Amino acid sequence: MNPGSGTENELSRVNQALRTLSAGNRTLLRAAQERDLLHGMCRVIVNEGGYRLAYVAYAQHDEQKSLPIMAYAIQRDIPEERDFFDHLQLTWADVELGQHAPAIAVRSGEPCIGRSLLTDPGLAPWREVAIRLEYSSLSAFPLHIEDDTMGVLLIADSDPDAFDEAEVKLLGELADDLAYGINNLRSRIKRHEAEERIAHMALYDPLTELPNRTLFRSRLQSAIADGRQKHRPLAVLLLGAMHFHEISDTLGYQQADLLTCSFAHQLESRLREGQFAACVGEAEFALLYPDMDVSLAVRTAHELVREFSSPVEVGGLSISVGLCAGIAAFPGHGADADALIRRARMAMFEAKRRGSDSAVFTPELEQQRTNRLALMIDLRRAIEQKALMLYCQPKIDLATKRIRGAEGLVRWQHPSQGMIPTEEFVRIAETSGLITPLTYHVLEAAFQQIYAWHDSGLDQPLSVNLSARDLRDPALIDKLKNLFSTWGTAPEWIQFELTESALMEDPVGALDAIHRIKALGVELFIDDFGIGYSSLSYLHKLPVDAIKIDQSFVIAMPDSAVSAAIVESTIELGHRLDLEVVAEGVETESAWNQLVALGCDTGQGYYMAKPMPADQLRDWQMQYDAGIVTYRIH
Ligand code: C2E
Ligand code: MG
Ligand code: MG
């Protein structure tokens, strides 16, 4: 600044400071980067304000409490001067070299005004060079961000009398504006980063970091558009792990997550240019292969499934996960991203069902699915309208030929499709949240039937089948207690059958549920015994009264020595464990005779009686007891 005289000089200084302030505000508004803001401000102070030097230094909280210069501007471009500021190293620590104005401003949080380079002892280390470069006085203004002094704005001039009160006030405001601008930019960056993170989260799977379903869909859409234009096919492959729930139950979620991530990385590493992988569900991946036809897709699926099925190390265990793939291709299976994904998934379920590596979509699959869906809707209605019927099939004592009880079996006469196979609609109920209402309906019908039988002097138990999911129903026990008290049912009049495979879905949980059911005083049967892979020690822990040998062994017994051996050893095993043994699927006289010879306790099957409407059992039994039934038990 050029020295002038008296009031005139002061006025011109204030005017200049005012111009600086307003130019500073413009810089503040325009800068998009912190670096640009700092340089811009320093330039404004020097160019508009006419000062010799302005710099901004940030106070670091490192060991040396360093105060690096982040940006500076000088009036004259003298190499020595530039070199000096390029290499100037400062500290704000309260040490001998930290007694200069910027350090004091940082430490105190207050401006340090009009310090003379010629006399100030704190500036002694730089005096010589300051004199050479014709600097005389300087002021330092702290930069505050949220109660913290994060740095300092230093302004130096050649006029020893620079920095009067009015001017300092304006420059102080400028420093405050600068701090505000820095803070503003930083929050804007933080906000931007947060927005980017949210945008990333919307398109990527947080666990595997692979693109998610949304991004896959949009990539597939563009690939379809491209394929359509170039008349090239493309394949969508959906890869899923079988029994992943059981794996995560056994390994724990953390290990299962590790396994999923390792799949994801392996998949990614196999991708070639233009190919795309996404994580679209729990251990479920979608792959996009532009320019690939069905036969190559089947080969690729086969390779992938083989590669991924080899054992992987997880948490010190060597795990091998079965995978299967579903394939859908453009244009043959659809020209719309959603349809292709849906159809690839349908094909994957078909592969799972068939137990094969992969399956290619066919229109029949879609038809089946639509039928299933329609059936589900009808089933819900049938349950609501109590249209399901209770059938029952007698269980006969093989030694005395007398009825020992009956098994309740649910039936559904569909209004247009006729009798729906029980296993089919029970499976639909199990996978669509309808099993609880179905079970409750069967239970109500069973308790009512039991009451009717006992009222008419028929004295035998009825067994009800329970699903795996019923064992997880926290309200089941209350429901049962309620029915017992409503109908005045004795515990020995009702029994429950649980399939061995249902128990093995969650052995620990099932054990707990079974104990609670058993506490009601009822008899329990393990159904379909022999195909569920329960261990002897597990069986020993179950509070059950009987096992029902799976009908596949009994039906095959007359023609298969292996099945006969299984039946024989199961009877022996049951008896050793003090359990009653029931053989289901007794279709022939020879099976009956074999079972009698093996000492099996009870038989159930078409040979004696097919399942019949529950209210017909009484008549059937009366005929049976009177020896009128023309079947061949002699
Ligand atoms: P399950 O409990 O093992 O019932 C025996 C099945 O074998 C019944 O099939 C019965 O009709 C059939 N069966 C009986 N004797 C013979 C025979 O000599 N030969 C042949 N081939 N089959 C015979 P259904 O009624 O179709 O039931 C199938 C399965 O559906 C049942 O197997 C049971 O697991 C389930 N289920 C039936 N009713 C219910 C129910 O009310 N609730 C639940 N959750 N499941 C049920
Ligand atoms: Mg059963
Ligand atoms: Mg069975």
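Pro613 touches Leu390 and Tyr391, residues up to four places away in sequence being left out; a contact requires heavy atoms within 4.5 Å. The model is predicted, so that local features need pLDDT of at least 70 and side-chain atom pairs count only at pLDDT 80 or more, while totals for chains, interfaces and linings use all residues. Residues are numbered from 1 along each chain as its sequence is written, chains are lettered from A and ligands numbered from 1 in the order in which they are written, and side-chain values use heavy atoms, with hydrogens and water left out.

Pro613 is found in strand S22 (residues 612–613). Helices (H or I, at least four residues) and strands (E, at least two) are DSSP runs, numbered from the N terminus. With a relative accessible area of 21%, Pro613 is partly exposed; buried means under 20%, exposed over 50%, and partly exposed in between, for a 1.4 Å probe and protein chains only. Leu373 stands 240 residues from Pro613 along the chain, and 28 Å separates their C-alpha atoms.

**The two magnesium sites**

Glu407 (OE), Asn465 (OD1), Glu497 (OE) and Asp527 (OD) coordinate the magnesium ion (ligand 2), at 2.0 to 2.2 Å. Donors are N, O and S atoms within 2.8 Å of the metal (3.2 Å for Na, K and Ca); water is not among the atoms, so sites may look incomplete. Along the chain, the donors of the magnesium ion (ligand 2) follow the spacing E-x57-N-x31-E-x29-D.

What separation is found between the magnesium ion (ligand 2) and the magnesium ion (ligand 3), and which residue coordinates both? The two ions are 4.3 Å apart, and Asp527 is the residue that coordinates both. Distant parts of the chain are linked here: Glu407 in strand S14 and Asp527 in strand S18 are 120 residues apart. Glu407 is buried at 4% relative accessibility, and Asp527 is buried with a relative accessible area of 4%. Asp528, by contrast, is partly exposed, with a relative accessible area of 22%. Asp528 lies in strand S18, and its phi is near 50°, a positive value in a residue other than glycine. Most residues other than glycine have a negative phi, and most peptide bonds are trans.

**The surroundings of ligand 1**

Ligand 1 is surrounded by 23 residues, of which the closest are Arg411, Asp527, Gln551, Glu587 and Tyr606; a residue belongs to this shell if one of its heavy atoms lies within 4 Å of the ligand.

| Side chain | Atom of ligand 1 | Distance |
|---|---|---|
| Asn465 | oxygen | 2.9 Å |
| Glu584 | oxygen | 3.3 Å |
| Glu587 | nitrogen | 2.7 Å |

The protein covers 88% of the 780 Å² of accessible area that ligand 1 has on its own; these areas come from the Shrake-Rupley method with a 1.4 Å probe, and for residues only the protein chains shown count as cover. Strand S14 (403–414), helix H13 (422–431), strand S18 (523–529) and helix H20 (551–556) are the elements that give two or more residues to the shell. The largest share, 4 residues, comes from S14. By class, the shell has 8 nonpolar, 7 polar and 8 charged residues. Ala, Val, Leu, Ile, Met, Phe, Trp, Tyr, Cys and Pro count as nonpolar, Asp, Glu, Lys and Arg as charged, and the others, Gly among them, as polar.

**Loop residues and backbone geometry**

Ser467 occupies the loop between strand S16 (462–466) and helix H15 (468–471). Ser467 is buried, with a relative accessible area of 8%, and touches Val426, Glu430 and Ile435, not counting residues up to four places away in sequence.

Phe163 lies in the loop between strand S5 (148–157) and helix H6 (165–203). Phe163 is buried at a relative accessible area of 7%, and its phi is near 70°, a positive value in a residue other than glycine. The peptide bond from Phe330 to Pro331 is cis, with omega near 5°; Pro331 belongs to the loop between strand S11 (323–330) and helix H11 (337–354).

Note on methods
A polar contact is a pair of N or O atoms within 3.5 Å; within protein, one must be able to donate a hydrogen and the other to accept it, and residues adjacent in sequence count only if both atoms are side-chain atoms.
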